[in-house]
Structures are given as structure tokens and as C-alpha cells.
Amino acid sequence: MTDTQVVTAAEPILSYLTDMDGVLVHEDHLVPGADKFLAELRANETPFLVLTNNSIRTPRDLQARLRHTGLDIPESAIWTSALATATFLDEQRPGGTAYVVGESGLTTALHEIGYVLTDSDPDYVVLGETRTYSFEAITTAIRLVERGARFIATNPDPTGPSRDGSLPATGSVAALITRATGREPYYVGKPNPLMMRSALRRIGAHSQSTVMIGDRMDTDVVAGLEAGLRTILVTSGISSRESVEQFPYRPTMVVDSVADLVGSTPNPFT
Ligand SMILES: [Mg+2]
């Protein structure tokens, strides 16, 4: 079977990719039933990866954060845009150099693939999510991009959620560097299907037998679709059931929450 073949509902589902925020958790709170859903996947030995566009934290930090909310997810089942970016750079230019504006999730991922982090003539400027942007770091990034460093960003999200309202996210800071340099970054995270493909490879899964679950039509569903996966939209996060028809593409299935999938895995389409 090739990726270009049309998949039908009857074809087996062997593995799952699932977005994190809005699907399994709302910031620090469990989405009711998410624990039961993941427990079922584990009981059935269905391979899965939890995806997040947020590059601030390492998988170990995320594991601890998720355990706090009541979700026991192994570190190896967490796939961040920082890991996807590091995997991409390792394939493109192994043993390269980068100037990083970001936090430990990103710097750790780049160290682990053997990258040297430097502000001296780096191959790349890599921008990730951070809460501690400095004028000096942004200035350095701008000058390095002007001098020819390739501009990469972990994810295009303009804002992120917080209890008090929106926070500026990677896409907004990337826009600042783009405005100053005239250069657009290459974004590795969702909706780039590259994020799905590297996740599939990580668990040895194939697109035609994998489901992507997400709460956003404009990132999770489109990225899953473009990578050849079947998709489930949960309405426990950003996108509503009503909004689906406004998009030129649709998910394979819409449910209120992952709690509705309990009892129907691995193949909820049959
Ligand atoms: Mg989400």
C-alpha cells in the first residue's frame, strides 16, 4: 500500500497521534476521560505519541507536568516541536551550529543531536517559544539572519493560552525578526506535516493506519490530513462543531472529547 491510496473506514487503525492542549489537558487541568482514553490505548498496546507545538519544555518536564494533572505518559511518548525541529536539522545538516532564542526544551533537543550552540557565524538561527525574550537576543538573531544564517522557527502559533489571556508566542516574535530582516522562517511544527511524519517515524507507524486527534482545524486536522492520516476533531478545545463547515477540508470524525472514544479504540470509524 502507498500513501496515495484512499483509505476506507474499514482499514485497520494501529496507532495514534494526539495533540496535548485542548485534547488531553487544559493547561494544568485534565480533560475528563483523557486518562481513561490513554489507559485504553496502553491496555490494547496501541502505540501513541502525544504532540505539542510548545517548545519550552523537555519531554521529561512535560511528563512531570502531565503526571501532576493525573496523566501518566512516558517521556518517550511525548513529541514536541523542539524535537521535530532537532530531527529536521539533524537530517538536513548533521553536526551543525545554531544560535537559539528559546528555552530548555529547544536547547536540550539541539544538544542531543550534537549541535553546537553559538552566536559566531551559525548555520541557523532557531527560534522557539520563550517567556524571557531579551532585546539583546532578538538583536543578535536579526544580525545573524542578515549575515546569512538560515531562519528556522519551531512553530507558527501567534499566541498561546494562559489563565489571564493571550500570551505572545513564537509566531509573533518570528514576525518581529521577519519585519526587521525581510526573511521568513521555515516553521517545523504543526501545521507542517513534517511534524506528523517525524512523529510517525518515531513510533514506527504508517500514515494510513494512524489517527491524528486534535482540537484545532487549522493546525491538527490539516496537518494530519496532509500527512495522509485519518483525523478526529475533539470540540473540547479551540474549534467548535459549527466551525468545521467553514474550512475547505474536514476531519474524518468529530467528537465532543476523547472520553467519547473510550470503548471504541483502536478503530472508532467502524
Ligand atoms: Mg491543541
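Student: Into which domains is the protein chain divided?
Tutor: This is a predicted model, and its domain bounds come from an automatic or database domain assignment. One of the domains is made of two stretches of the chain, 1-10 and 208-255. The division is into domain 1 (1-10 + 208-255) and domain 2 (85-187).

Student: What distance separates the centres of domain 1 and domain 2?
Tutor: The centres are taken over C-alpha atoms.

Student: Which residues is Val-125 in contact with, leaving aside neighbours within four places in sequence?
Tutor: With the neighbours within four places left aside, its contacts are Tyr-99, Ala-141, Leu-144, Val-145, Ala-149 and Phe-151.

Student: Is H3 roughly parallel or roughly antiparallel to H4?
Tutor: The axes of H3 and helix H4 (residues 104-112) come within 9 Å and cross at roughly 30 degrees. Angles under 35 degrees count as roughly parallel. Therefore H3 and H4 are roughly parallel.

Student: Which residues of H3 and H4 make the contact?
Tutor: H3 passes H4 in a right-handed crossing. H4 brings Gly-105, Leu-106, Ala-109, Leu-110 and Glu-112 to the contact, and H3 brings Ala-82, Leu-83, Thr-85 and Ala-86.

Student: Is Phe-88 buried or exposed?
Tutor: Phe-88 is a residue of helix H3. Not counting residues up to four places away in sequence, Phe-88 touches Val-188 and Leu-194. A residue needs 20 or more other C-beta atoms within 10 Å to count as buried. Phe-88 has 20 of them within 10 Å, so Phe-88 is buried.

Student: How far apart in space are Phe-88 and Ser-198?
Tutor: In sequence, Phe-88 and Ser-198 are 110 residues apart. In space, C-alpha to C-alpha, the distance is 8.2 Å.

Student: What do the buried residues of H7 pack against?
Tutor: In helix H7 (residues 193-202), the buried residues are Leu-194, Met-195, Met-196, Ser-198, Ala-199 and Leu-200. Their packing partners are strand S1 (15-19), strand S4 (48-52), strand S5 (78-80), H3, strand S13 (210-214) and helix H8 (217-226).

Conventions: Residues numbered from 1 in each chain as written. Predicted model: local features only at pLDDT ≥ 70, side-chain atom pairs only at ≥ 80, totals over all residues. Contact = placed C-beta atoms within 7 Å. Axes fitted to C-alpha atoms, helices over the stretch in contact; angles between N-to-C directions. Helix = DSSP H or I, 4+ residues; strand = E, 2+ residues; numbered from the N terminus. Parallel < 35°, antiparallel > 145°, perpendicular 65-115°, else oblique. Left-handed = near helix turned anticlockwise from the far one by under 90°. Buried ≥ 20, exposed ≤ 12 C-beta atoms within 10 Å, placed from the backbone.
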